[in-house]
Amino acid sequence: MITAVAERPCMVCGDGSPMEPAWARIVAFHQESSNTASYSLQFVDPEKRKQYQFLPGQFNMVYLFGVGEAAISISSDPTCCDTLVHTIRHVGSVTFAMNKLKEGQCVGLRGPFGSHWPLESCRGRDILLVAGGIGIAPLRPAIYQLLKNRDQYGRVILLYGVRSPQDMIFKEEVEEWQERRDFQVLITVDYPSEEWTGPVGVVTKLLRRVRLDSQRTSVFVCGPRVMNRAAAHSFLSHYVPEDQIYVSLERNMRCGIGQCGHCQYGPKFVCKDGPIFSYASVRNLFGKDEV
Ligand SMILES: Cc1cc2nc3c(=O)[nH]c(=O)nc-3n(C[C@H](O)[C@H](O)[C@H](O)COP(=O)(O)OP(=O)(O)OC[C@H]3O[C@@H](n4cnc5c(N)ncnc54)[C@H](O)[C@@H]3O)c2cc1C
Ligand code: FES
């Protein structure tokens, strides 16, 4: 059995409506790179702490009083929900404000929301994870699950692309993963430093270095829009079936519960039907810039 909840877990929010956040305290902080940090959070209410569960790939709406809310994936181990981690790149109003918070201060959380990586249905298959930049954050809970249940999967491979070696996040952990014999980890950078001796170029170039058995491989992709598109098309051209290519999509979000229409993607809502979609289910929309 896979050691995590199998069905979509219940949402934890404040006491009133699903739009009301529950307070969570920052109990630890780790600077991952110049513009990205991981925040370990614990619900202030011990009941909510006990109640909270999530599946790999799901996200919370993170609320900062007086600033706003942003959708942020959960980057921690789904079997340890007492403390959950959000890894955040500081790019705009909410995330810049998050950067000013200190340990002991609180943020609001609503969640978990959205679909998850299909670890159950992919049992017995080779799993190829493709991460671009901060896209490794929503894949990390899936990696923990795969490694905990390593005997239930075929080959497990991570292709990880970053702009430069300094932009790599979860660095120590990625290095530990690279030491394992049952996990193939390949990293590429766009802009190498003088010390960098590894591959250079876009993440899809790493495919050449991987022995791919297309009929027994499931692919999980998360990165910038252009990378998602290139990766999906690359796997299709390697004959991976389109229902075995899963992509995590990003859209601006407001409610997170399929009510406001902000995240609409054709007939689908990214907050509720996604963010993780099989390529087969979004084939007609995928690649269009604005739908
Ligand atoms: C399901 C999901 C999961 C996500 N997970 C993560 C995660 O784990 N970690 C993470 O860091 N992010 C994650 N994101 C992305 C995050 O939600 C967005 O980056 C969010 O917009 C950040 O909120 P903000 O208020 O800080 O930025 P915003 O103020 O919304 O700005 C976001 C972007 O828009 C640009 N921008 C802002 N204002 C303007 C303007 N007036 N004109 C033009 N451009 C502007 C900014 O430069 C920035 O690039 C996720 C998104 C989704 C949908
Ligand atoms: S964020 Fe409101 S419908 Fe998805």
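Helix H3, covering residues 136-148 of this predicted model, has 13 residues and reaches 18 Å from its first C-alpha to its last. That is close to the 18 Å expected at 1.5 Å a residue. The buried stretch is made up of Ile136, Ala137, Pro138, Leu139, Arg140, Pro141, Ala142, Ile143, Tyr144, Gln145 and Leu146. As for what covers them, the list includes strands E4, E5, E7 (126-132), E8 (156-162), E10 (217-222) and E11 (245-248).

Two of those names, E4 and E5, lead us on to a sheet. Here six strands line up in the order E4-E3-E6-E1-E2-E5, with antiparallel pairing, and the sheet is open. E4 and E5 sit at its edges, each pairing on one side only. On average, neighbouring strands are turned by 40° against each other, direction ignored. At the E4 end, strand E3 (residues 59-64) and E4 pair in the antiparallel sense over six bridges; in one pairing, tyrosine 63 has glutamate 69 of E4 as its bridge partner.

Now for the ligand. Which elements supply at least two residues each to the shell around ligand 1? They are strand E4 (68-73), strand E5 (84-89) and helix H2 (93-99). E4 gives the most, with five residues. There are 20 residues around ligand 1, and Ala70, Ser73, Gly92, Val94 and Thr95 come nearest.

Methods:
Residues numbered from 1 in each chain as written. Chains lettered and ligands numbered in written order. Predicted model: local features only at pLDDT ≥ 70, side-chain atom pairs only at ≥ 80, totals over all residues. Near = placed C-beta within 6 Å. Helix = DSSP H or I, 4+ residues; strand = E, 2+ residues; numbered from the N terminus. Pairing = 2+ DSSP bridges. Axes fitted to C-alpha atoms, helices over the stretch in contact; angles between N-to-C directions. Expected span 1.5 Å × (residues − 1). Buried ≥ 20, exposed ≤ 12 C-beta atoms within 10 Å, placed from the backbone. Contact = placed C-beta atoms within 7 Å.
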